[in-house]
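Good morning, everyone, and thank you for making time for this.

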Amino acid sequence: MFKNVIYVVAAINIAYLPYAQASWKTTTEEDIFTSGKKAMMIGEIANSHQYLIFDCTKSKLSLNRVEIDPTTVISTPLPYKALVKTYDNSLITFDTVLSRRNASEIQLTSKETDKIKTLLKQLSSQSSTSDFLVGVIDKNGNQVSSGSGSVSFAKKAIKKFTTTCDIVL
């Protein structure tokens, strides 16, 4: 009996493990403003309550580095640079603006479409064992934060994201 329980638990863990560790997720919905669809893709930055969030509609694309922070007061948008590097590719530097995303999160936002597409292409071509690195520096070049995340499941999420918004990489 005990042996059967172990087999059942092992089978459940094997089946559940890939979903429990998914680092990337894409959601899609109808967009009332464009009469098309919009998508949001989230990539987790490990152990830091931070995320890379890509938002798109048929005509807009943005990259957001989001972190949970309900207390910071932002009276005016502030410029920062977000740095992203995938495994063996060159560092991509995004000009971003700090703002509040909602009551519990702040975000650094870039709308540099060509750089965002380059990053999406790089992320989708990585092996599932690779990581991406994210860093933030202020206007004086001081390091503000850094983190890393896994590219596991990125390829599938990026395909759904780019298909929804007709993005050609």
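This is a predicted model: local features need pLDDT of at least 70, side-chain atom pairs count only at pLDDT 80 or more; totals for chains, interfaces and linings use all residues.

Let me begin with a term: two residues are in contact when heavy atoms of theirs lie within 4.5 Å. Taking the contacts in this protein between residues at least 6 apart in sequence, 51% join residues that are at least 24 apart.

Residues are numbered from 1 along each chain as its sequence is written, and side-chain values use heavy atoms, with hydrogens and water left out.

Now to the overall plan. The protein contains 3 helices and 9 strands, where helices (H or I, at least four residues) and strands (E, at least two) are DSSP runs numbered from the N terminus. Of the 169 residues, 38% are buried, and here buried means under 20% relative accessible area, exposed means over 50%, and partly exposed lies in between, with a 1.4 Å probe and protein chains only. The protein exposes about 10400 Å², of which carbon and sulfur atoms supply 57%; these areas come from the Shrake-Rupley method with a 1.4 Å probe, and for residues only the protein chains shown count as cover.

Next, the sheet. In what order do the 9 strands of the open sheet lie? The order is 1-2-3-4-7-6-5-8-9, with antiparallel pairing, and two strands are said to pair if DSSP finds at least two bridges between them. Strand 1 (24-31) and strand 9 (143-150) are at the edges with a single partner strand each, so one side of each has no neighbour in the sheet. On average, and ignoring direction, neighbouring strands of this sheet are turned by 25 degrees against each other; the axes behind such angles are lines fitted to C-alpha atoms, for helices over the stretch in contact, and angles between N-to-C directions run from 0 to 180 degrees.

Let us look at two of the pairings. Strand 5 (residues 78-86) and strand 6 (residues 92-102) run antiparallel and are joined by 7 bridges, and Val84 has Ile92 of strand 6 as its bridge partner. Helix 2 (residues 113-124) packs on the sheet and touches several strands, including strand 5 and strand 6, with its direction at about 100 degrees to that of strand 6. Strand 8 and strand 9 also pair in the antiparallel sense, over 7 bridges, and there Gly135 has Ser146 of strand 9 as its bridge partner. Their hairpin has 5 residues between the strands, and in it Gly141 takes a positive phi near 85 degrees.

Staying with strand 6, please find Phe94, which lies in that strand. Is Phe94 buried or exposed? Phe94 counts as buried, because its relative accessibility is 0%. Leaving aside neighbours within four places in sequence, Phe94 is in contact with a set of residues, among them Leu63, Tyr80, Val84, Ile116 and Leu119. The C-alpha atoms of Phe94 and Val84 are separated by 8.1 Å, although these residues are 10 residues apart along the chain.

Now the aromatic rings. Rings of Phe, Tyr and Trp (its six-membered ring) pair if their centres lie within 6.5 Å, and planes under 30 degrees apart count as stacked, over 60 as edge-to-face and the rest as tilted. By this rule there are 3 aromatic pairs. Trp24 and Phe54 make a tilted pair, 6.4 Å centre to centre with 35 degrees between the planes. Trp24 lies in strand 1 and Phe54 in strand 3, so this pair ties together parts that are 30 residues apart in sequence. Phe54 and Phe161 make an edge-to-face pair, 6.2 Å centre to centre with 65 degrees between the planes. Phe161 lies in helix 3, so here the parts tied together are 107 residues apart in sequence. Trp24, Phe54, Phe132 and Phe161 form one aromatic cluster.

I will finish with backbone angles. Most residues other than glycine have a negative phi. Ser35, in the loop between strand 1 and strand 2, has a positive phi near 60 degrees, and Ser35 counts as exposed at 71% relative accessibility. Asp166, in the segment after helix 3 (154-164), has a positive phi near 55 degrees, and Asp166 counts as exposed at 53% relative accessibility.
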